[in-house]
Amino acid sequence: MTSLAQAENSIVEQCHISMKQESAQISKTVCEEKLEQVDRTLNPLMTAKLMLALYDINLDLGDSQTAEEYLQSVKQSDEFNRSDEIQYLWLRKKATQHLYRKEYQAAKKLFEQAFTIAKTTASDLWLAKSYNDLAIIEEMLTNYSNALTYYKKSLTIKERIGNNLYLAITLRNLGLMYKSLEKFQEAQHYFELSLEHYIIYTSANTDIYAINAMSHLYGDLAAIYDITSDYHKRYFYSNKIIKAYSDTLNQIDLISTLVSLATIHINANELTPASEVIETLSQYLDSNEHSFHDDIYLLKSQLAKHEVDDLKAIEYIEEAIKHSDSNQNSLQKMKIYRYASDLYYDNGHPYEAIVYLKRYQALHETLLEAKYSENINIIQREIENERIQRALVEEQVINQGKTQKIDKLVNLSLIITSISLFIGFIISLYIVKKRKAQQHLLTVIESHKQQLFLLSNNESEQTVSPSSQPLSELLVSTMIDCIALWEKATQTNKVELADRSKIWKISVDSGRLRTRSLDKYLSLKTLPDNPRWRNVVKTCHFVLSECELSSHDREQLTTHLNQIMLQIKSESMET
């Protein structure tokens, strides 16, 4: 490397180090001083890199006008056309602008141009970042199978590079995608993996950007634990968000963090802290530098509803709908439409409620098709298999090293050998005790099999053979009433019932979701000869537990259940 190139790298590196370790205001002073020291004619590459750094800094400071001026200066420079690196960096920054504004098609076009440069230069790091960029765009456009394929490629390269920060970023994005697909266990898994890599990275590096990114991850974890009803961890990560909150966040990151925090407070019915956060968020409604207007208005509507100010709630949700309809974020639209439908229904506006419920259902049906896509499941298994294989290889290397050390120690001393034998004896005793405990547990489980007989999900145990006419009629009338009461109480359909109860299978036929197994129980002509009556009973219990039913409707389902059980008992005794 020439002395000129070394000097360029040194100056730019000093600017980047300041950005990682100092506040944005200090970093701005440092990088501006470096830019003033540079001869722009003799050092066009260094000049362009410093300008791109100052673009990021001014964005963090909320000075979008100055930031844009730096970005345009780089685009208009001769170095932009000469340097693949400058083009790559510029394209990703400009694409990210469109991404934040939810202008996904414009962002995709620029990310694809950056990806072409990454492939041409054969840079592993650039490819890993570009695959991650393309995955985010495909996810926003609800092309989940493509998104997962890109995430897989990004992870593979980043695992090979071995940078914990890069791994943490992609793992968190994977968690966000699975949260969007309503696969909350998978989302929790990837959020926790991401946090592990962030902790490893920040323990060895001072990086303000990584610390700020962790504040968003705390919000993700708090939201997931809120969904899975693990309230202890939910409160733990909610407090983490507050502790991580600082003035080092740029405007977009700050608003995103506050939206997450306000949402958590609203869901927990914590109105006072929610009101304080939402009041802070309201200050950003007059700004066009971000795309969170629909989030903020939705939160204001939810708060007004809690405060029993229905007129304000409707006014705010109409603003949220207006801003949401102008962007391409289907998931955000789903959330707003579902809430708007409930709000209008509660306030005596059934027509508007139905309109927004239909919009929600149209988007949700698309989401369910993606959720149950076999392609997504296959790619997910491939990602996990690759991660397991890499972990096994690493573990094998570690074990080989340990074995070599043990062999050396054994050769050096008979005492160490004796100690090893003693440890082995203790471990053997432990294994024997564990096996005895497992055998005891199996015995206990066997003793309870008869008690669990009536609740078994085994196919052969859920049928009555042959089915009598009275029982068949009971099962069909029960399922018809059960679905009718579900639709009446939830304003959804039988596909939603099958999805949420996990009792009936859902299939995709000609692009539409079907519940073929459930449909057979809605007519005597299609009822199986050996019906799974327990599935009917379970469905009734699910509706009773999930829906707010009137006393008459609840009594109706209970009567059906009693009649079924009496008929089953009667037929069992006759047999």
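Trainee: Is W486 buried or exposed in this structure?

Mentor: The model is a predicted one. Burial requires a relative accessible area under 20%. W486 has a relative accessible area of 0%, so W486 is buried.

Trainee: How are the ring planes of W486 and F542 arranged: stacked, edge-to-face or tilted?

Mentor: The pair belongs to a set of 13 aromatic pairs found in a search of the whole structure. The ring centres of W486 and F542 are 5.9 Å apart, and the planes stand at 35 degrees. Planes under 30 degrees apart would count as stacked and those over 60 as edge-to-face. The pair of W486 and F542 is therefore tilted.

Trainee: How many residues apart in sequence are the parts that this pair ties together?

Mentor: W486 belongs to helix 22 (residues 469–490), whereas F542 belongs to helix 25 (residues 533–546). The pair therefore ties together parts whose separation in sequence is 56 residues.

Trainee: At roughly what angle do the axes of helix 15 and helix 16 cross?

Mentor: Two packed helices are described by the angle and the distance between their axes. Helix 15 (residues 271–282) and helix 16 (residues 293–306) have axes that come within 10 Å. Helix 15 passes helix 16 in a left-handed crossing. The axes cross at roughly 145 degrees.

Trainee: Which residues is N173 in contact with, leaving aside its neighbours within four places in sequence?

Mentor: N173 is part of helix 10 (residues 164–180). Its relative accessibility is 9%, so N173 counts as buried. With neighbours within four places in sequence left aside, the contacts of N173 are N132, I136, E139 and Y151.

How values were computed:
Residues are numbered from 1 along each chain as its sequence is written. This is a predicted model: local features need pLDDT of at least 70, side-chain atom pairs count only at pLDDT 80 or more; totals for chains, interfaces and linings use all residues. Side-chain values use heavy atoms; hydrogens and water are left out. Helices (H or I, at least four residues) and strands (E, at least two) are DSSP runs, numbered from the N terminus. Buried means under 20% relative accessible area, exposed over 50%, partly exposed in between (1.4 Å probe, protein chains only). Contact means heavy atoms within 4.5 Å. Axes are lines fitted to C-alpha atoms, for helices over the stretch in contact, and angles run from 0 to 180 degrees between N-to-C directions. A crossing is left-handed if the near helix is turned anticlockwise from the far one by less than a right angle, and right-handed if clockwise. Rings of Phe, Tyr and Trp (its six-membered ring) pair if their centres lie within 6.5 Å; planes under 30 degrees apart count as stacked, over 60 as edge-to-face and the rest as tilted.
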